[in-house]
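Subject: Structure handover

Hello,

Here is the structure I promised to pass on. Please open it alongside this note. My findings follow below.

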Amino acid sequence: ASFGFELDRDLPELPRVGLSAALTPGFDRLSWYGRGPGECYADRKSGARLGIYEAGMDELYTRYIVPQESGNRCDTRWLCLRHGSGASLRVQGRGSLSKDGFDFSVSRYSAAQLWEAKHWHELPPSGHSFLYMDVAQRGIGTASCGPDVHERYRLPPADYSLDLSFELGSGA
């Protein structure tokens, strides 16, 4: 499926462009072909090697002092989430900004929950997991304590597209 994002040019700079999905509880294991094994972003990915990786969901985000976005993986060609029952969801694709795939992150908390929380203990279990599949994310940094992100790692409002295919596997 192809997803188009036609964003009003009067919007401010964007933190990310993509899709999010709440998953049924139990999709706790992931494997992917992309950059890893640790988190990486467009402006900080040279240290992340391209390869096939596997991890549990709780290994894929960082509990920063202030809860925030974390755990992004760049240049993902495919991603497979596995449920404890044996069911799986495989996603393949690429975004319009890269011939090298798409960005993804997973979390037990929604972006809205992370935005509202001041401390980790304020995050109640939601019962869901959240999958984020992005054309791209803005580079790291806000100029709060140093230089801002280089121009080429910013996400201005524009037209973007994300081509993804989804395949469900059964546990049988």
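Start at Ser-105, which is found in strand β8 (residues 102-107). Strands here are DSSP runs of E of at least two residues, numbered from the N terminus. Before going on, note the basis: this is a predicted model, where local features need pLDDT of at least 70, side-chain atom pairs count only at pLDDT 80 or more, and totals for chains, interfaces and linings use all residues. Residues are numbered from 1 along each chain as its sequence is written, and side-chain values use heavy atoms, with hydrogens and water left out.

Ser-105 has a relative accessibility of 2%. It therefore counts as buried (under 20% relative accessible area; exposed is over 50%, partly exposed in between; 1.4 Å probe, protein chains only). Its contacts (heavy atoms within 4.5 Å), leaving aside neighbours within four places in sequence, include Arg-16, Glu-69, Asn-72 and Phe-130. With Arg-16 there is a side-chain to side-chain polar contact at 3.5 Å. That term means a pair of N or O atoms within 3.5 Å; within protein, one must be able to donate a hydrogen and the other to accept it, and residues adjacent in sequence count only if both atoms are side-chain atoms.

β8 pairs with strand β9 (residues 129-137) in the antiparallel sense, over five bridges. Pairing requires at least two DSSP bridges between two strands. Ser-107 stands opposite Phe-130 in β9. The open sheet has four strands in the order β2-β9-β8-β5, with antiparallel pairing. Its edge strands are β2 (16-23) and β5 (73-76), each pairing on one side only. The twist averages 30° from one strand to the next (axes are lines fitted to C-alpha atoms; angles run from 0 to 180 degrees between N-to-C directions).

**β3, β6 and β7**

Strand β3 (residues 27-36) pairs with strand β6 (residues 78-83), antiparallel, over six bridges. Trp-32 has Leu-79 as its bridge partner in β6. β6 also pairs with strand β7 (residues 88-95), antiparallel, over five bridges. There, Arg-82 stands opposite Ser-88. β6 and β7 form a hairpin with four residues between them. Gly-86, in the turn, has a positive phi of about 105°.

**Gly-51**

Gly-51 lies in strand β4 (residues 49-56). Its relative accessible area is 15%, so Gly-51 is buried. Not counting residues up to four places away in sequence, Gly-51 touches Trp-32, Tyr-33 and Gly-34. Asp-28 is 23 residues from Gly-51 along the chain, and their C-alpha atoms are separated by 20 Å.

Best regards
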